[in-house]
Amino acid sequence: MTEELVPQQREITLAPGIILTKTGALIDENVSLEHWAAALRMTEAVANATMWALGDLLLHAHEHANWGEKYTQYLDLTGKSYSTLTKSTYLARKYPQDERVEGVSWSHHMEAASIKSKDERQAILHQAREEGWTREQIHDHRTGADIKTLAPATQRCPSCGHQF
């Protein structure tokens, strides 16, 4: 791959005193807790948006068959596995921009993607956002594992036989 294919990237300021580079974050020794927390939130937002953007870019490229060989050369630049590229494209196709739920991660959307009903997917993602669910909680809800764990175990008193 030739260097002219790789655009020169600038550093990104995550918050005052914290710069994102290609290899991590440069953090000023005197950064405040508030700026550190802002950078942490920004890092999570960028990480989440990156997977969506990758999928959107790949979908766009599929629409431009005339790009041919150059397209595949650029894919090599991502350094991502075939699986990652496939998943990001799948999810971008499954959730057009207007169906993505802000406030839950790309992984939350991936977990809900197997739900056939678009309305049910949306309802679960909105519930996950409102109730602060993890990706695992979406999985448990989707598979019914949350109902099993919420159901109280039947206990019998050894003295009187009462069930509770």
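Colleague: What span does helix H1 reach from its first C-alpha to its last?

Modeller: In this predicted model, H1 comprises residues 33-62. With 30 residues, H1 is expected to span 44 Å at 1.5 Å a residue. The span from its first C-alpha to its last is close to that expectation, at 44 Å.

Colleague: How are H1 and H3 oriented to each other: roughly parallel or roughly perpendicular?

Modeller: Two packed helices are described by the angle between their axes and the distance between the axes. Angles of 65 to 115 degrees count as roughly perpendicular. The orientation of H1 and H3 is therefore roughly perpendicular.

Colleague: How many nonpolar, polar and charged residues has the contact of H1 with H3?

Modeller: H1 contributes Met 51, Trp 52, Leu 54, Gly 55, Asp 56, Leu 58, Leu 59 and His 62, which meet Thr 84, Leu 85, Ser 88, Thr 89, Leu 91, Ala 92 and Arg 93 in H3. Among the buried residues of H1 are Met 51, Trp 52, Leu 54, Gly 55, Leu 58 and Leu 59. By class, the contact of H1 with H3 has eight nonpolar, five polar and two charged residues.

Colleague: Why do the buried residues of H5 count as lying on the same side of that helix?

Modeller: The residues of H5 that are buried are Arg 121, Gln 122, Ile 124, Leu 125 and Ala 128. They lie on the same side of H5 because the arc they cover around the axis is only 165°.

Colleague: Which helices do the buried residues of H5 pack against?

Modeller: H5 runs through residues 118-131, and on its other side Asp 119, Glu 130 and Glu 131 are exposed. The buried residues of H5, in contrast, pack against helices H3 (82-94), H4 (106-112) and H6 (135-143).

Colleague: Is Gln 127 buried, partly exposed or exposed?

Modeller: Gln 127 is a residue of helix H5. Its relative accessibility is 28%, and buried would require under 20%, exposed over 50%. Gln 127 therefore counts as partly exposed.

Colleague: Which residues is Gln 127 in contact with, leaving aside its neighbours within four places in sequence?

Modeller: The C-alpha atoms of Gln 127 and Val 104 are separated by 9.9 Å, although the two residues are 23 residues apart along the chain. Contact, however, means heavy atoms within 4.5 Å. With neighbours within four places in sequence set aside, the contacts of Gln 127 are Trp 133 and His 141.

Note on methods: Residues numbered from 1 in each chain as written. Predicted model: local features only at pLDDT ≥ 70, side-chain atom pairs only at ≥ 80, totals over all residues. Heavy atoms only, no water. Helix = DSSP H or I, 4+ residues; strand = E, 2+ residues; numbered from the N terminus. Expected span 1.5 Å × (residues − 1). Buried < 20%, exposed > 50% of the residue type's maximum accessible area, 1.4 Å probe, protein only. Arc of directions from axis to C-beta. Axes fitted to C-alpha atoms, helices over the stretch in contact; angles between N-to-C directions. Parallel < 35°, antiparallel > 145°, perpendicular 65-115°, else oblique. Nonpolar A, V, L, I, M, F, W, Y, C, P; charged D, E, K, R; others polar.
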